[in-house]
Amino acid sequence: MAKKCWRLKQKKTPKFSTRKYNRCSITGRRRSYIRRFGVSRIQFREMALRGEIPGVTKASW
């Protein structure tokens, strides 16, 4: 879980546009963010296993 101050800092508009970064909408994690779904890889995996993301299934071969 990200610290509350980091989430608040990310919401403020940055001085320069290149300083903007993405965070997971659920946990606030900054690393391993999947843009298409707006969540981190960990949350993406959990949501996919529960069937909350349509069209995504666990690979099996």
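**A walk through a 61-residue model**

Good morning, and let me start with burial: of the 61 residues of this protein, 20% count as buried, where buried means under 20% relative accessible area, exposed means over 50%, and partly exposed is in between, with a 1.4 Å probe and protein chains only. Please keep in mind that this is a predicted model, in which local features need pLDDT of at least 70 and side-chain atom pairs count only at pLDDT 80 or more, while totals for chains, interfaces and linings use all residues. Residues are numbered from 1 along each chain as its sequence is written, and side-chain values use heavy atoms, with hydrogens and water left out.

Now the overall layout. The protein has two helices and two strands, which are DSSP runs numbered from the N terminus, helices being H or I with at least four residues and strands being E with at least two. Read along the sequence, these elements follow the pattern α-β-β-α. The radius of gyration is 14 Å, well over the 10 Å that the globule rule gives for 61 residues, so the protein is more spread out than a compact globule; this radius is taken over C-alpha atoms, and the rule is 2.2 Å times the number of residues to the power 0.38. Along the principal axes, the C-alpha atoms fill a box of roughly 45 × 20 × 15 Å. Among contacts between residues at least 6 apart in sequence, 7% join residues at least 24 apart, a contact being heavy atoms within 4.5 Å.

Let us turn to the loop between helix 1 (4–11) and strand 1 (33–34), where Arg 23 is found. How far away is the nearest side chain of opposite charge to Arg 23? That side chain, Glu 46, is 17 Å away, and Arg 23 is buried yet has no salt bridge; here Lys and Arg count as positive and Asp and Glu as negative, while His and the chain ends are not counted. A polar atom of the Arg 23 side chain does, however, lie 2.5 Å from the backbone oxygen of Gly 28.

Thr 27 lies in the loop between helix 1 and strand 1 too, and at 15% relative accessibility Thr 27 counts as buried. A polar atom of the Thr 27 side chain lies 3.4 Å from the backbone nitrogen of Arg 29. Ser 32 also has its place in the loop between helix 1 and strand 1, and its phi is near 55 degrees, a positive value in a residue other than glycine. For comparison, most residues other than glycine have a negative phi. At 30% relative accessibility, Ser 32 counts as partly exposed.

Finally, the charged pairs. By the rule that a side-chain nitrogen of Lys or Arg must be within 4 Å of a carboxyl oxygen of Asp or Glu, the count comes to two salt bridges. One of them joins the side chains of Arg 50 and Glu 46 at 3.7 Å, N to O, and these two residues are separated by about one helical turn because they are four residues apart in helix 2 (residues 41–50).

Definitions and conventions. A polar contact is a pair of N or O atoms within 3.5 Å; within protein, one must be able to donate a hydrogen and the other to accept it, and residues adjacent in sequence count only if both atoms are side-chain atoms.
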